[in-house]
Amino acid sequence: MTTTVTVTRVPLIFSGHFPKNKNGCASQSAVHFLGSSSTSSASRSSFSSSLTTTTRIRRAGFAVLASNSMAPSIVLVTGAGGRTGSIVYKKLKERSEQYVARGLVRTEESKEKIGGAEDVFVGDIRESESIVPAIQGIDSLIILTSAVPKMKPGSDPSKGRPEFYFEDGAFPEQVDWIGQKNQIDAAKAAGVKQIVLVGSMGGTNLNHPLNSLGNGNILVWKRKAEQYLADSGVPYTIIRAGGLQDKEGAVRELLVGKDDELLQTETRTIARADVAEVCIQALQYEEAQFKAFDLASKPEGTGTPANDFKALFSQVTARF
């Protein structure tokens, strides 16, 4: 008896050299297809004629599951109106086959600054209820929020070190600790698969100059949030970036380290665009999960620009 089956043309993952990509997307091997988009007899399909109908159905079912696993991942970027966050948001939007981008900003003004799309939410990370709508239904969260010190009026950098202050309600304790804790809690409750948190190098030194800005102890509170994330049970990647530069990305060799060792070298800075790329790449490789690392780069023109992020993450062994 000849049984007629309809097989949807979908990718079938087979044994091969696929990267460990959590989005299920093949990048180094060809993708084989089953059947066609029209109805055909089993003898004309790519199934072997010796297979039973049950086996055929099971195979077709497996192929459908493989197709579903390739659905774009929904990623929320908080702090999407900032100089680094806006780059991450833009990069995700450009990779629409892999990601569905969402952004979270604090004001309508910031939303308009990055295009004003419907996928940009306005909320206050210090108020847990206001960020729930943005987090519901996401697969991954990239945290790029940070307290920002302001220069005191009348300060003149040309006459010495300027003085800084934080606005009321926007101290590091409120933004970098409570605000980030709220995000982690909401993401965990929503069942996210991974959280990428961008912090700063220097957290091992209580006397670091950044802690003195506005008497905010910003690195202390950032470190507290990092520890909270590491203890949360959610798969995480903590990126402690060096001095951020507004320069072109993908033209420098990237360096990873731990415990502020890179601060003792001449390679202590990194382009915001490179930090943004590492955030996104961390979502694709299991080698980036449950790890924390310092990130900097060699000067442009020296070394080899990063292109093997799996190898980069594999160098990291520290969990915090």
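Me: Is Glu226 buried or exposed?
Reply: Buried means under 20% relative accessible area, exposed means over 50%, and partly exposed is in between (1.4 Å probe, protein chains only). Glu226 comes out at 1% relative accessibility, so it counts as buried.

Me: What kind of model are we looking at?
Reply: Residues are numbered from 1 along each chain as its sequence is written, and side-chain values use heavy atoms, with hydrogens and water left out. Local features need pLDDT of at least 70, side-chain atom pairs count only at pLDDT 80 or more, and totals for chains, interfaces and linings use all residues, the model being predicted.

Me: Which residue forms a salt bridge with Arg240?
Reply: For a salt bridge you want a side-chain nitrogen of Lys or Arg within 4 Å of a carboxyl oxygen of Asp or Glu. Arg240 has its closest N and O atoms 2.8 Å apart in a bridge with Glu226.

Me: Where does Glu226 sit, given that the pair links distant parts of the chain?
Reply: Helices (H or I, at least four residues) and strands (E, at least two) are DSSP runs, numbered from the N terminus. Arg240 is in strand β12, 14 residues away from its partner. That puts Glu226 in helix α7, residues 218-230.

Me: And Arg240, which ring does its charged end sit over?
Reply: A charge sits over a ring if NZ of Lys or CZ of Arg is within 6 Å of the ring centre and within 35 degrees of the ring normal. Arg240 is buried too, with 1% relative accessibility. Its charged end is 4.8 Å from the centre of the ring of Phe320.

Me: How many salt bridges does a search of the whole structure find?
Reply: Side chains of opposite charge can pair when their charged atoms come close. Arg83, Asp246 and Arg272 are even linked in a network of them. The whole-structure search gives 15.

Me: How far apart in sequence are the parts that Arg95 and Glu277 tie together?
Reply: The two form a salt bridge, with 2.6 Å between the closest N and O atoms. Arg95 is partly exposed at 22%, whereas Glu277 is buried at 12%. Arg95 lies in the loop between α2 (85-94) and β6 (99-105) and Glu277 in helix α8, so the separation is 182 residues.

Me: How many residues of α8 are buried?
Reply: The buried set in α8 includes Arg272, Glu277 and Gln281. Helix α8 is largely enclosed by the rest of the structure, because the buried count is 10 of 10.

Me: How far apart in space are Gln281 and Phe313?
Reply: Gln281 lies in helix α8 and has a relative accessible area of 10%. In sequence, Gln281 and Phe313 are 32 residues apart. In space, C-alpha to C-alpha, they are separated by 9.4 Å.

Me: How many aromatic pairs does the structure hold?
Reply: Rings of Phe, Tyr and Trp (its six-membered ring) pair if their centres lie within 6.5 Å; planes under 30 degrees apart count as stacked, over 60 as edge-to-face and the rest as tilted. By that rule, the structure's pair count is 5.

Me: How much space lies in the largest pocket?
Reply: On a 1 Å grid over the protein atoms alone, a pocket is an open set of points where a 1.4 Å probe fits, with protein on both sides within 12 Å along at least five of seven lines; lining residues have an atom within 4 Å of a point. Grid points are joined across faces, edges and corners, and the volume is the space filled by probe spheres set on the points. Of the 47 lining residues, those closest to the centre include Ser146. The space is about 1,600 Å³.
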